Amino acid sequence: PLAVVVLDAGAHPVAFAREDGASLFRFDIARAKATGALGMDTDTAVLAQRAQGNPAFFQSLCAALDGRIAYSPGGVVIRAADGSAIGAVGISGDTGECDEQCARAGIAAVLPKETVS
C-alpha cells in the first residue's frame with residue numbers, strides 16, 4: 001500500500017493520500033523523499049546514486065536536516081516549462097523504482113509532460 005504526498009515549491013504539503021494498510025511511517029518517508037528532491041533540486045533516484053559516492057556528505061546532510069530527507073527513489077521534482085521547480089511528489093510503499101514510476105505517472109496524469117523532470 002502506497003502513501004503519496006505532493007509539496008508546493010516551499011515544501012508545504014498540498015495533498016496527501018494513503019492506501020488502506022499503509023504502514024505508520026509511510027507518510028514520513030514519502031514526505032522526506034519529496035522534501036529531499038525539492039531541497040536538492042533533483043530526484044531522489046539521483047540523490048541515491050550520489051550518496052553512494054559521497055556518504056560522509058549525505059550523512060551530514062541528513063543530520064543537518066534532522067532526518068527530513070530520504071535517499072531512495074520515489075521523490076520527483078515537478079518543474080514548470082522553464083525548468084524551475086514548482087513542487088515535488090514523494091511516494092513510499094513499494095520498491096523505490098516502483099515508487100518513482102508511480103510519482104511520474106501521477107504527475108503526467110495531472111500536468112503537461114514538460115513539467116516532469
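Two strands count as paired if DSSP finds at least two bridges between them. Helices (H or I, at least four residues) and strands (E, at least two) are DSSP runs, numbered from the N terminus. This is a predicted model, in which local features need pLDDT of at least 70, side-chain atom pairs count only at pLDDT 80 or more, and totals for chains, interfaces and linings use all residues. Residues are numbered from 1 along each chain as its sequence is written, and side-chain values use heavy atoms, with hydrogens and water left out.

**Exercise 1. Describe the hairpin of β3 and β4, then the one of β1 and β2.**

Step 1. The hairpin of β3 and β4 has five residues between the strands, and G83 takes a positive phi near 95°.

Step 2. The strands β3 and β4 (residues 85-92) run antiparallel and are joined by five bridges. Among the bridge partners, G75 has G90 of β4, and I78 has G87 of β4.

Step 3. The hairpin of β1 and β2 has four residues between the strands, and here A11 has the positive phi, near 70°. Five bridges join these two antiparallel strands, and V4 stands opposite A17 in β2.

**Exercise 2. Work out the strand order of the sheet.**

Step 1. Strands β1 and β4 are also joined, by six bridges, and run antiparallel. D8 has G87 of β4 as its bridge partner.

Step 2. The four strands form an open sheet with the order β2-β1-β4-β3 and antiparallel pairing. The edge strands, each pairing on one side only, are β2 (13-18) and β3 (75-79). On average, neighbouring strands of this sheet are turned by 15° against each other, direction ignored; axes are lines fitted to C-alpha atoms, for helices over the stretch in contact, and angles run from 0 to 180 degrees between N-to-C directions.

Step 3. Strands of a sheet pair through backbone hydrogen bonds, either parallel or antiparallel.

**Exercise 3. Which residues make up the largest nonpolar core?**

Step 1. A nonpolar core is a set of buried Ala, Val, Leu, Ile, Met, Phe, Trp, Tyr and Cys residues joined through side-chain atoms within 4.5 Å.

Step 2. The largest such core has seven residues: L2, V76, I78, V89, I91, A103 and I107. At least two of its residues come from each of β3, β4 and α4 (96-110). A second, separate core has six residues, including L7, A30, A34 and L38.

Step 3. Leaving aside neighbours within four places in sequence, V89 is in contact with V4, V5, V6, A34, G74, G75, V76, I78, A103 and I107. Strand β4 is largely enclosed by the rest of the structure, because six of its eight residues are buried.

**Exercise 4. Are E100 and R79 buried or exposed?**

Step 1. E100 is found in helix α4. Its relative accessible area is 15%, so E100 is buried. Apart from neighbours within four places in sequence, E100 is in contact with D43, A45, P73, G74 and V76.

Step 2. R79 lies in strand β3. R79 is buried, because its relative accessible area is 15%. R79 and L111 are 32 residues apart in sequence and 9.8 Å apart in space, C-alpha to C-alpha.

**Exercise 5. How many disulfides does the structure hold?**

Step 1. A disulfide is a pair of cysteine sulfur atoms within 2.5 Å. The structure holds zero disulfides.

Step 2. C102 is in no disulfide, and the nearest cysteine sulfur, that of C98, is 4.1 Å away. With a relative accessible area of 28%, C102 is partly exposed.

Note on methods. Buried means under 20% relative accessible area, exposed over 50%, partly exposed in between (1.4 Å probe, protein chains only). Contact means heavy atoms within 4.5 Å.
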